[in-house]
2 protein chains.
Amino acid sequence: MKRRNLFLAAPALISTINLGSKPAAAQVQPTQEWSTLTYQPMVLQQQLAANQQVIFDKPFGHFFKPDMTVPTEAAKMLLRGPLELEQTLSPSVADINRLLDLAYKPIERGYALLEGDTLYVQSRTFFPGAHTDMLKWWFVWHPVENERYMLWYPFAHVANAIEDSVRLKNRSLSYEERLYNNPNYVTEYIGTTPIDIVINFKDPVELGFDKAALAKSGFTASASGTVSNSFVPDGVSSLMVHLGRNIDGGMELINRYWIGSHPELNRLRPKGESFKEKIVKMIAPKMTIDTCYEMAVHDMIEFHHLAQILPTLYQEFGQQS
Amino acid sequence: MKRRNLFLAAPALISTINLGSKPAAAQVQPTQEWSTLTYQPMVLQQQLAANQQVIFDKPFGHFFKPDMTVPTEAAKMLLRGPLELEQTLSPSVADINRLLDLAYKPIERGYALLEGDTLYVQSRTFFPGAHTDMLKWWFVWHPVENERYMLWYPFAHVANAIEDSVRLKNRSLSYEERLYNNPNYVTEYIGTTPIDIVINFKDPVELGFDKAALAKSGFTASASGTVSNSFVPDGVSSLMVHLGRNIDGGMELINRYWIGSHPELNRLRPKGESFKEKIVKMIAPKMTIDTCYEMAVHDMIEFHHLAQILPTLYQEFGQQS
């Protein structure tokens, strides 16, 4: 049909609507406008209803807030088409370390399909009144119960479990000792697709970040790791980066996702195993520009929502593990 | 999978979020908040880019506005689950005439799946500063060119043609003489699904509205009709109602859609033909609660957008046919 396959027209859209790059500090403006979600797929509305059935009598049930909003400008950014490739980063060691360079000012939010049919999403989210200690607490607190995980994205989050919950909850250990190399089993919707993944949070240095540069950059919290999924449980399908640092008025969180058969992901994969072929055959073909956009929307919604509830949630439950 | 088929949980969602019915005048409030669209499927973004390629040099190209907004409250209403069946109308003569009763105050916006796998959507849209003459002009002006139709919903409208364009453009005839029984061929996306339909705009009395009640109700514009589609081109798959009347500060538009094999639609269908079976077999099964919601979102977006451009578009092109 002639109205399909019009993706090549997208750059015209970008230039006409005048995207341009914005300074990284743009989101700190207190005058920013917010938009309520104008759409959620029916299957997510049904998941919300199901979540509501189980969460209402939890002590933290009042933090389950289905009236979700995002900054108007963030939503508009994602409606302006994919990023140009020169605005993106690869998952190489050199590229990920650019995130630690204070002079690097990427477009705040966007997505693209990279080589190897690799999904790519980038975002920066400002958490007003938050601190990296709160983010660390969130990552060791929420995997304990499905319902805690649901607070983060009431429409799309289904289930969450951790391999070693005793270690996760042990407050005598550091954040890193509790969370890293403690597989986290996650079920959620990305767009209308339910996915089952295993996140292995790791020391960012193990993922390729330079230790000295990391210390200098001010990123005092990392919830980064590799991810495998139910199609290829024995492999690594993606690299996920969440880096938080304290700035004026709150915390900023820098996120990156790469999912697919990008050659630079091979450095994170066990060598000589059949799963590489499986990733090329089973994961990469599922990554399309649609998937990239859906992932970018998911990230925008869940992290702006977490930003809205985290400081008060921490105030009430921050002493709980 | 246990997380599917949770639709029965939706009423709990409705009651918890406290929908309630709102007075029909609620949208007239000038203080109402607006939200930018927080999501559009990738295929619609690609259609927008394609539309932009052909519209930019049209004399009305400056009315092609991709930064679309809807009232925040309207978007929220559609995220509260389907309507209870007692809040809906059937396409029977008795039910459609309730729309003409000034005492009938339905919920402003919603959707449901009715008997016969029938899609149902209801809405009321306020057009500030507009008049029913503008709406009539819109319906005889826009089918002349695909690009005019694109102004209405830049992401989702693809093509529009009229059977007898000479009659449509003849300004010596009345609106009714120009538009009614002049088949209108429409291609658009509802959700991510491209549809090809034929709208037969008709005298509302032919559709079952009471002539005296219609005159008394103040609805001075109707763009209502039956619709058939490419699956069953020889039949009638739906009844569509658009009724406009002038009120304080502008125009209000009342919309209703019924698509499927509802028994009350048979009164609008030629008798004894095989298409009835086709509708039961081919149209009705495609109508799910998802389709209903997608149609409700489409209606919300396109009519609030038309409301935003119509007065100034009419001022500039109202003398053109």
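**Figure 1. Salt bridge between Glu108(B) and Arg124(B) in the predicted model.** The side chains of Glu108(B) and Arg124(B) form a salt bridge with an N to O distance of 3.9 Å. This pair connects distant parts of the chain, 16 residues apart: Glu108(B) lies in the loop between helix 4 (93–98) and strand 3 (109–114) of chain B, whereas Arg124(B) belongs to strand 4 (residues 118–128) of chain B. Both Glu108(B) and Arg124(B) are buried. In chain A, salt bridges with shared partners link Glu108(A), Arg124(A), Arg245(A) and Glu252(A) into one network. Over all chains, the structure contains 17 salt bridges.

**Figure 2. Strand 11 of chain B and its antiparallel pairings with strand 4 and strand 10 of chain B.** Strand 11 (residues 250–259) of chain B is largely enclosed by the rest of the structure, because 10 of its 10 residues are buried. Its pairing with strand 4 of chain B is antiparallel and comprises 10 bridges; here Val121(B) has Tyr257(B) of strand 11 as its bridge partner. Strand 10 (residues 238–247) of chain B also runs antiparallel to strand 11 of chain B, and 10 bridges join the two. In this pairing, Tyr257(B) is the bridge partner of Met240(B). Strand 10 and strand 11 of chain B form a hairpin with 2 residues between them. Within the turn, Gly249(B) adopts a positive phi of about 85°.

**Figure 3. Crossing of helix 11 of chain A and helix 2 of chain B.** The axes of helix 11 (residues 289–317) of chain A and helix 2 (residues 42–55) of chain B come within 9 Å and cross at roughly 110°. The two helices are therefore roughly perpendicular. Helix 11 of chain A contributes Ile289(A), Asp290(A) and Tyr293(A) to the contact, and helix 2 of chain B contributes Met42(B), Val43(B), Gln45(B) and Gln46(B). By residue class, this contact between helix 11 of chain A and helix 2 of chain B divides into 4 nonpolar, 2 polar and 1 charged.

**Figure 4. Two salt bridges of chain A, Arg80(A) with Glu73(A) and Arg148(A) with Glu145(A).** In the salt bridge between Arg80(A) and Glu73(A), the closest N and O atoms are 2.9 Å apart. Arg80(A) is buried at a relative accessible area of 9%, whereas Glu73(A), at 29%, counts as partly exposed. The side chains of Arg148(A) and Glu145(A) likewise meet in a salt bridge, at 2.9 Å from N to O. Arg148(A) is buried, with a relative accessible area of 5%; Glu145(A) is buried with 19%.

Note on methods. Residues numbered from 1 in each chain as written. Chains lettered and ligands numbered in written order. Predicted model: local features only at pLDDT ≥ 70, side-chain atom pairs only at ≥ 80, totals over all residues. Heavy atoms only, no water. Salt bridge = Lys/Arg side-chain N within 4 Å of Asp/Glu carboxyl O. Buried < 20%, exposed > 50% of the residue type's maximum accessible area, 1.4 Å probe, protein only. Helix = DSSP H or I, 4+ residues; strand = E, 2+ residues; numbered from the N terminus. Axes fitted to C-alpha atoms, helices over the stretch in contact; angles between N-to-C directions. Parallel < 35°, antiparallel > 145°, perpendicular 65-115°, else oblique. Contact = heavy atoms within 4.5 Å. Nonpolar A, V, L, I, M, F, W, Y, C, P; charged D, E, K, R; others polar. Pairing = 2+ DSSP bridges.
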